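Subject: Structure handover

Hi,

Here is the structure I promised to pass on. Please open it next to this email and follow along.

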Amino acid sequence: MKEKFSPGRIVATKGVADRAKEDKAFEEFCEMSLRRHLNGDWGEKTEEGRIRSDEALESGEGSLYSVYTFPKTDETIWIITEGDRSVTTILYPSEY
């Protein structure tokens with residue numbers, strides 16, 4: 001499936017990167033979540049939040065963010081693409 005937008009540079013915070021190094025399943029979850037994000041599947045956001053991201057995607061203005069929960073441990077990650085689409089960051093909510 002073709003991505004709906006360019007992510008720019010993809011980065012992860014230290015917490016997520018360290019966790020992914022420790023657990024291959026978590027690393028794969030992050031990769032799958034990133035693919036979902038790039039295809040406009042905003043994960044576990046509210047309907048209002050999904051609409052806002054859809055509007056930002058359509059207009060090309062505003063940041064895009066997604067919320068996903070790793071089922072094995074109930075850890076939540078956010079994926080945020082900056083409004084200018086220069087950087088996409090994978091992070092824990094506590095690292096925001």
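Start with the order of the elements. Read along the sequence, the pattern is β-α-α-α-β-β-β. That makes three helices and four strands. The radius of gyration is 13 Å, close to the 12 Å that the globule rule gives for 96 residues, so the protein is as compact as a globular protein of that length. Please keep in mind that this is a predicted model.

Next, the overall dimensions. The C-alpha trace spans about 40 × 30 × 25 Å along its principal axes. Of the 96 residues, 42% count as buried. The accessible surface comes to about 5,700 Å². Carbon and sulfur atoms account for 51% of that surface.

A word on charge. There are 14 positive side chains and 20 negative ones. The centres of the two sets lie 3 Å apart.

The aromatic rings deserve a look. A search of the whole structure finds seven aromatic pairs.

Are Phe-26 and Tyr-92 buried or exposed? Both are buried.

The other pair is Tyr-65 and Trp-78, and it is tilted. Here the distance is 6.5 Å centre to centre, and the angle between the planes is 55°. Tyr-65 is in strand S2 (residues 64-70), and Trp-78 is in strand S3 (residues 75-81). The two are 13 residues apart, and their pair links distant parts of the chain. Tyr-65 has a relative accessible area of 32%, so it counts as partly exposed. Trp-78 is partly exposed too, at 22% relative accessibility. The cut-off matters here: buried means under 20%.

Phe-26 and Tyr-92 belong to one aromatic cluster, together with Phe-29 and Phe-70.

Best wishes

Conventions
Residues numbered from 1 in each chain as written. Predicted model: local features only at pLDDT ≥ 70, side-chain atom pairs only at ≥ 80, totals over all residues. Heavy atoms only, no water. Rg over C-alpha atoms; globule rule 2.2 N^0.38 Å. Buried < 20%, exposed > 50% of the residue type's maximum accessible area, 1.4 Å probe, protein only. Areas by Shrake-Rupley, 256 points an atom, 1.4 Å probe, with all protein chains shown as cover. Lys, Arg positive; Asp, Glu negative; His and termini not counted. Charge placed at Lys NZ, Arg CZ, Asp CG, Glu CD. Phe/Tyr/Trp six-rings, centres within 6.5 Å; stacked < 30°, edge-to-face > 60°.
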